Amino acid sequence: MTEMHNAANACYEQCLEKDQDSILSLARPQDHERLVLAQEIIKEAAQFMESYLDTAPSSSAQSADGMGDTGEPCPDSPMQQSSTLTDLGSSTQRAGDIVYNRTLLKEKLDKVREWILWQSISNEKAMYGPIGAFIEYVALIVQKKLISFADSSSDYGLGRRLVLPSTKFDYISPDTDDTMRIGMGLARANISDPIDDNCRRFSYYEVLAVLEAKRKGNDNGFKDAFKRLYMNAREMYQQQHNLRFAWGVTVSGRLVRVCHFGHDGAISSCHMDVSMPKGRRLFIELLVNWSFCEESQLGRDPTMEYLHDLRCWQIACPSEKGCMGEGADVKYYYFSTVRCQAERVFGRHTRCFLATDIMPTAVISTTNPLIPTVVIKDSWAFSKRNASDDACDEVRSLNKIKEGLSAQAAAKDIIFPKIEAGGRVSFQRNGEWVEDNTDMMYGQGKLVEDNADTTNELSKLAENNADNVNELGKAPSDDGPLFRAHRRIVMSPIGEPLCSTKSVAEFVTVVCDAMRCHSAFVDDCNILHRDISDNNILVVRREGIARGMLIDFDCAIDLEQKERDNLNKVTGTIPYMSINNLSESDIERTSLDDWESMLCLVCWFATRGTISGKRRGDKELAEFPIAEWRHDSTNGMITAKMSAFSSPESFMSTIVNHFKPEGDNGEESDLLKRLAMSIHKCLFRNRRLTPDCHGTFEMQKHVELERCELSIDELEAYELDSLLDESLPRVNPFKERAEKWKEISKQLLAFTNVFWEKAMELQKEANKANSNTAIGNIYQ
């Protein structure tokens, strides 16, 4: 929980653009007729509220922040004028052509008055009732209007929604194991749903937005509420598999702000002061717009739908031609198992679903499970606007691998992901197909050209935030605005996470398999992966043997591309990044950076434990030097890795000696140590490199003497002086290593094959022993 609090604080300080009212335009209905209707409702709801609240306030109002403000409305507020409460007349009040229930409206607005006048607000939890009454009041107005149109020939009532608050406050969602609490959940409801229900408690799976309230009406109150929103947004991304971005609302005293969590940062509006008519109207406008806008504007993916009758998801995927839209075939898949959730607030939001293209004919259950045949990867990677210019297009990389390795896979005895379909996601909006990307998300699409100035501003804000998001690494330094494309890829075979290995031999086989695949991608397809991590290596079990498969080519690059400027950009997963990569060096990245990432991964798993269910916990791991590889500071990680890899002695003492003892025999237990030491020696002590390029630190180049006539003492003094002589050229070990990457990579592959063969042999022996034991038990 401490880690999440730190991340939330960092987001507020570094990744939040405050006071941006342009964010409100993101919820404005795109359909013109519905926009007109929404504006009518906003006007009626605001006028009706002001006519009711137009009464003298209580003199006992308290400060919204508890710091001396009287809390009374400003002199220009209609609430200072004479009361018109009696204008409501009989039991109903007519607004436009709609007849409202006077009693229910009065009940809601009386509750709203407590918030506006800051009456009976003794603590934060007491704020939620009046805030909820405000939202329910707006829902009542929307409901009556929508029902009226639904009963007529108009289609306004079709597909629209109510936005309702939870009636339970400060609660733990039932769909999470975390202790995180929801202040108030806001969720969609059908237009005929009852508004006066007192038992609403929405889960993270259901919420449209989370609202967090703090009693303080100052910046500290907003900061505390925003940090809670950040942590709730993380849970929303995990539980809602079709969430593209997340909304949130903060209330600090009587100041309301709406927040938007995108892929590369957060944006908040200016405050809406509900003690003033203008602030109340703006809050009403937000709620009404949420009732009328498209599902995509609420953050939902229109190409995914949960089929309640079958208890599974339906997801639309690009055709084999890699496109979705008019004239293109869209293929539907079905899934009930999510292999990978979006675990972070910012980033690619990668999700993986185990799916089939056969639509179920009965309800999916434990007795009637859905049998998956493919895995669907859904993600938002940095991209070029023109797909043909994108050197890091995963679909293109996978197609090239499929063409280059399909005929050689059996001979090389490797397993690689085979793409069946994939491309950029598109969906229909107002009758037109639009590509799903960050330009469209922030409103730069064809349908909203009128808002060009506003949406350009939002894109620039997201671009500015990207450099501050530690979870992402670094955004591409393109000349144009930041851009992410929504991609969806259908692949096979299906694998299991790397953490599912059951023995040291299985783990060694899998990671060696991954690097054997990596070498084939480079040698035969000219594809450099650039993101070796535990999430990108899968276990594929065949005939009782665990094999490895390297996946996820979002960061991969085609080495045959003419523009190779991407080769010196920071990519990958931070704990496993090479020193050269972490340092943001201008030295070109090569396959040796990926081999170094593999070494980091092997060391981490070997220290933690490779056998599922028998691993060390985080508290125990924190005691070892390798914990510094996950340091909060990038410089701290660089220093720790450079020190550990500087020499065989340092590597052995700080890393290898802390490997967790595992395996049923000494041979298997020693396998990981020998593998790690071999990779380290090949990378940092290679005979193909001059002695000055051994290790990790820059050194002065030694002066070679043709004839040494110095004594030992004089020689030592000479070498010492030479090291201190800044006039001598310094040698960067990573530069020479990069120049000889092809030779060293071949050497690394050669001994990896040796370890792979040994690990395969140990797996087969273990399977044979287990089989004999099982047969023996039968006859006992």
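Let's start with two helices: the axes of H11 (residues 504-525) and H13 (residues 591-608) come within 11 Å and cross at roughly 170°. Axes here are lines fitted to C-alpha atoms, for helices over the stretch in contact, with angles running from 0 to 180 degrees between N-to-C directions. H11 and H13 are therefore roughly antiparallel, a label for angles over 145 degrees. On the H11 side, the residues in contact (heavy atoms within 4.5 Å) include Phe507, Val511 and Met515; on the H13 side, Trp595, Leu601 and Phe605 are among them. The contact residues split into ten nonpolar, three polar and one charged; Ala, Val, Leu, Ile, Met, Phe, Trp, Tyr, Cys and Pro count as nonpolar, Asp, Glu, Lys and Arg as charged, and the others, Gly among them, as polar.

A word on what you're looking at: this is a predicted model, where local features need pLDDT of at least 70 and side-chain atom pairs count only at pLDDT 80 or more, while totals for chains, interfaces and linings use all residues. Residues are numbered from 1 along each chain as its sequence is written, and side-chain values use heavy atoms, leaving out hydrogens and water.

For Cys603, the nearest cysteine sulfur belongs to Cys600, 6.8 Å away. Cys603 is buried, at 0% relative accessible area, and Cys512 is buried too, at 2%; buried means under 20% (1.4 Å probe, protein chains only).

Zooming out, 54% of the 780 residues of the protein chain count as buried.

How values were computed: Buried means under 20% relative accessible area, exposed over 50%, partly exposed in between (1.4 Å probe, protein chains only). A disulfide is a pair of cysteine sulfur atoms within 2.5 Å. Helices (H or I, at least four residues) and strands (E, at least two) are DSSP runs, numbered from the N terminus. Angles under 35 degrees count as roughly parallel, over 145 as roughly antiparallel, 65 to 115 as roughly perpendicular and the rest as oblique.
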